[in-house]
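Dear colleague,

Please read them with the coordinates open.

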Amino acid sequence: MALVKIENLTYYYPGTEKPALDRINLSIPEGQFVLVIGGSGSGKSSLLRVIAGLIPGFYGGKYGGRVYLDGTELRELDKRSLVQKVGIVFQDPEAQMVMTGVEQEIAFGLENLGLPPKLMRRRVMEVTEALSLTGSLSRFIPELSGGEKQKVALASVLAMQPEVLLLDEPTSQLDPVAGEEILTMVRRLNEENDITVVLIEQRLERCFHLADRVLVMDE
């Protein structure tokens with residue numbers, strides 16, 4: 001069974017007459033690393049927002065078609081279940097941070113799920129070790145570099161242990177070395193933990209070799 005299945009998806013943002021997504025049909029099996037490419041405005045980010053459950057709930061607009069996750073239609077999943085199945089990392093890491101300390105930021109989502117403190121500590125230590133952030137837990141987020149902030153954003157999502165990881169141009173603000181490091185970490189997590197990855201990236205030289213599959217979006 002496909003982990004993510006999209007059937008005849010069409011979506012219009014509020015106040016627009018041209019669809020951001022037009023009759024999309026797509027299946028993504030478990031464990032696949034998918035690279036999504038296309039020009040600006042082709043619908044790449046909108047596709048990720050749909051899979052993350054942000055469309056239409058957060059953005060509003062007109063929505064048609066069905067999206068399934070593990071065989072269950074997305075609209076039937078409660079938010080608590082959804083955030084534990086799908087995690088999204090945006091282009092600007094600061095846009096999704098709510099705390100000022102690294103450890104507090106990584107633990108924030110786990111606290112909202114009401115997980116026991118012992119389990120939260122274990123999850124925080126696991127992700128910080130995997131992303132080489134162990135020595136940064138007590139640091140002040142505004143003092144971090146762009147690459148370090150992106151790692152923290154990724155760690156906060158991975159701590160929720162999602163089945164699907166969505167990445168919207170995660171290296172756009174990073175230098176080539178930091179960008180390569182982030183993408184290599186994501187590929188390792190994909191291979192070792194069987195996390196399904198859907199990545200939007202403009203700089204194909206950084207990630208083309210990592211993908212199992214490439215999807216091209218146009219209008």
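The buried residues of α4 pack against α3 (102–113) and α5 (146–158), where contact means heavy atoms within 4.5 Å. The model is a predicted one, in which local features need pLDDT of at least 70 and side-chain atom pairs count only at pLDDT 80 or more, while totals for chains, interfaces and linings use all residues. Residues are numbered from 1 along each chain as its sequence is written, and side-chain values use heavy atoms, with hydrogens and water left out.

The buried residues in α4 (under 20% relative accessible area, with exposed over 50% and partly exposed in between; 1.4 Å probe, protein chains only) are M120, R123, V124, V127 and T128. Because they cover an arc of only 125° around the axis, they lie on the same side of α4; the arc is taken from the directions from the helix axis to the C-beta atoms. On the face turned away from that buried side are the exposed residues K118, R121, R122 and E129. Just after α4, S132 has a positive phi of about 60°.

The open sheet has 5 strands in the order β6-β7-β8-β3-β9, with parallel pairing (two strands pair if DSSP finds at least two bridges between them). Its edge strands, β6 (86–89) and β9 (213–217), each pair on one side only. Strand β6 is joined by 4 bridges to β7 (residues 164–168), and G87 has L165 in β7 as its bridge partner.

Best regards

Technical notes
Helix = DSSP H or I, 4+ residues; strand = E, 2+ residues; numbered from the N terminus.
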